[in-house]
Amino acid sequence: MSPSFVPKPHAWGKFELADPITHFFLCDFVDMELKLPEPNSFCTKLAEIHQNSISPTGEFGFNVPNCHGKILQRNVWDSSWASFFAKLLVSFLQLEISINGAWEEYERAFEQILATVIPQLLEPLQSEGRMLKPSLVHGDLWEENAAIDLSTGDPVVFDASAFYAHNEYELGTWRRQIVKFGRPYFNQYFRNLPQSEPVEQCDDRIRLYSLKFNLAHMIGWPGAPLVREE
């Protein structure tokens, strides 16, 4: 699956020194230029990974906890994508509130999302005979985590928070206003991997997924202006 798309890992582990607890990760060195990859090759490689990856359990999640930036993702396996995403969103929401403070109106809005929006938009993906494939996603794919390999000219991605998800989840971060992967990237991606059924709900699903990335931003940058209001 597109081996040149991600630097090859070689070793990882924990330093013997007890304090502070420190881990290491070693991978190929890639001489890269931090600029937006060309949409065609970038989205083709991304869609290949989404299409060809196979969840080892057939479920959504990952075999170990990992991190979105500095935020822990527990990634507990779940056969229901709606259930998995709801639990993921709640965990990020609870952490965000603990950092930025309670806001009654804001929390009521999320209660509606959990009670109504998620069932309406995500449960149809696995109902009426529809099957939803868990796809390996990068999980934090914006322009700061993508570049051009100067030795090949090919796109390369890094700093992932990977797990097996609905493939359209990957595009949720592209809906954020500060992210530069715009309409040409959406169009090219869907040329390679068509929208899930029900197609008419695709845009709303991606907007829903973007909430998780907004929460991650507010956790990473407490007090970020306007993000909560948006």
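This is a predicted model: local features need pLDDT of at least 70, side-chain atom pairs count only at pLDDT 80 or more; totals for chains, interfaces and linings use all residues.
**Helix α1**

Select residues 39-52, which make up helix α1. From first C-alpha to last, the 14 residues of α1 reach 20 Å, close to the 20 Å expected at 1.5 Å a residue.

Colour the buried residues of α1: F42, C43, K45, L46, A47, I49 and H50.

**H50**

Stay in α1 and pick H50. Is H50 buried or exposed? Its relative accessible area is 1%, so H50 is buried, the cut-off being under 20%. Show the side chain of Y189 next: a polar contact of 2.7 Å joins it to the side chain of H50. Beyond its sequence neighbours, H50 also touches other residues, including K133, N167 and L193.

**Salt bridges**

The structure holds six salt bridges. Select E168 and R205, whose closest N and O atoms are 2.8 Å apart in one of these bridges. E168 sits in the loop between β9 and α4 and R205 in helix α5, so the pair ties together parts 37 residues apart in sequence. Both residues are buried.

Next, select D203 and R175, a salt bridge with closest N and O atoms 2.7 Å apart. D203 belongs to helix α5 and R175 to the loop between β9 and α4, so this pair links parts 28 residues apart in sequence. D203 is partly exposed at 39% relative accessibility, and R175 is partly exposed at 30%.

Terms used. Residues are numbered from 1 along each chain as its sequence is written. Side-chain values use heavy atoms; hydrogens and water are left out. Helices (H or I, at least four residues) and strands (E, at least two) are DSSP runs, numbered from the N terminus. Buried means under 20% relative accessible area, exposed over 50%, partly exposed in between (1.4 Å probe, protein chains only). A polar contact is a pair of N or O atoms within 3.5 Å; within protein, one must be able to donate a hydrogen and the other to accept it, and residues adjacent in sequence count only if both atoms are side-chain atoms. Contact means heavy atoms within 4.5 Å. The expected span of a helix is 1.5 Å times one less than its number of residues. A salt bridge is a side-chain nitrogen of Lys or Arg within 4 Å of a carboxyl oxygen of Asp or Glu. Lists of a residue's contacts leave out its neighbours within four places in sequence.
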